[in-house]
Amino acid sequence: MLRLTFLGTSAAAPTLGRGLTALGLRAGGELLLFDCGEGTQRQMIRYGTGFDVGAIFFSHFHADHYLGAIGFLRTLSMLGRTAPLALHGPRPGRRLLETMLFAGTEKLAFEVEIHEQEAGAEVRRPGGVVRAFATEHRTPSLGWMLAEDPRPGRFHPEKARDLGVPEGPLWGELQHGRPVTVEGRVIAPEGVVEPIRPGRKVVVTGDTRPCAATVAAAAGADLLVHDSTFGDEEQARAEETAHSTAREAGRMAREAGVARLVLTHLSTRYDTDPGPLARQAREEFPASDVAYDGLTIEVAHRG
Ligand SMILES: [Zn+2]
Ligand SMILES: [Zn+2]
């Protein structure tokens, strides 16, 4: 299962309908959080993501993206969590998170591993690899790309039987693309198993100007989640504040050749009517949608 739940879609300040930035991604049997703005834990309850978080990936350390982690980790501790939790993010994540989490008098009941990461870093999780790429914001910032592990090709048991391969470990070998020997005969996997199927790919930019690194990271992705703080009429402000417009996000999606674009991190100006953002993005890239709190997307396998 690869399921995204948008937990907060507002930029800078929350509104009645939108919380601060956070995105839950269920992959490989665990929940990964991308950013954790204030109020995220309540959104997780509201939208039923579960609390079995394996790691939190921060895009950068502006307050609207990380303050929710303080309360959330306290809650996990209170609920009796013992499994360690990994936090990943750019500079100055270590100093900031350590102060935030350990300077108080309450101790957490589980271990927190803080990893200050740079572009190119790879984090192995049960569902695949999460890679950091450089983005362009006013502070050190990273985008994150989840590349699911490739799946073995479809296996045809009847063909294996026809070729005289007995059910058991030899089937497993064939499924993993390795030839097997049965009574002196070498059986190639090609006749029995279809080619390896690529895993799904999801990219989350965090706050950023449009940049080449996003296009490279998102090349052929199933889903791109992009900063879309402003509309056309605030192009200058987008540049000043190092954010993107919906149209620019659409261009990134088109250049990267992704299957689908979801716009998030909306200025409060578009809180109740994000229509203009959707229209502007779709002029560049038709498969664009604007996120709302609680939006859930199941990323399907292609082919
Ligand atoms: Zn932000
Ligand atoms: Zn920011």
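Here is a friendly conversation about how the parts of this predicted model get their descriptions.

Visitor: How do you know which parts of the model count?
Guide: This is a predicted model, where local features need pLDDT of at least 70 and side-chain atom pairs count only at pLDDT 80 or more, while totals for chains, interfaces and linings use all residues. Residues are numbered from 1 along each chain as its sequence is written, and chains are lettered from A and ligands numbered from 1 in the order in which they are written.

Visitor: What makes S3 largely enclosed by the rest of the structure?
Guide: A residue is buried if 20 or more other C-beta atoms lie within 10 Å of its own, exposed if 12 or fewer, and partly exposed in between, with C-beta atoms placed from the backbone. Six of the seven residues of S3 are buried, so the strand is largely enclosed.

Visitor: Why is the crossover from S3 to S4 called right-handed?
Guide: The word applies if, with the strands pointing away from the viewer, the path from the first strand over the helix to the second runs clockwise. S3 and S4 run parallel and are joined by four bridges. The chain crosses between them through helix H1 (residues 40-46), and this β-α-β crossover is right-handed.

Visitor: What makes S6 and S16 the edge strands?
Guide: The open sheet has seven strands in the order S6-S5-S4-S3-S2-S1-S16, with mixed pairing. Strand S6 (112-116) and strand S16 (296-298) each pair on one side only. Neighbouring strands of this sheet are turned by 20° against each other on average, direction ignored. Angles run from 0 to 180 degrees between N-to-C directions, with axes being lines fitted to C-alpha atoms, for helices over the stretch in contact.

Visitor: Which strands does helix H3 touch?
Guide: Helix H3 (residues 68-78) packs on the sheet, touching S2, S3, S4 and S6, and its direction makes about 150° with that of S3. Contact between two residues requires C-beta atoms, placed from the backbone, within 7 Å. Helix H4 (residues 93-102) lies across S5 and S6, at about 155° to S6.

Visitor: How do you know that both faces of S14 are covered?
Guide: Leu261 and Leu263 on one side and Val262 and Thr264 on the other are all buried. In a regular strand the side chains alternate between the two faces of the sheet. S14 runs parallel to S13 with four bridges, and parallel to S15 with three.

Visitor: What makes a group of residues a nonpolar core?
Guide: The members are buried Ala, Val, Leu, Ile, Met, Phe, Trp, Tyr and Cys residues joined through C-beta atoms within 7 Å. The largest core has 62 residues, and Leu224, Leu261 and Leu263 are among those touching the most other members. A second, separate core of five residues includes Ala160, Val165, Leu174 and Val192.

Methods. Helices (H or I, at least four residues) and strands (E, at least two) are DSSP runs, numbered from the N terminus. Two strands pair if DSSP finds at least two bridges between them.
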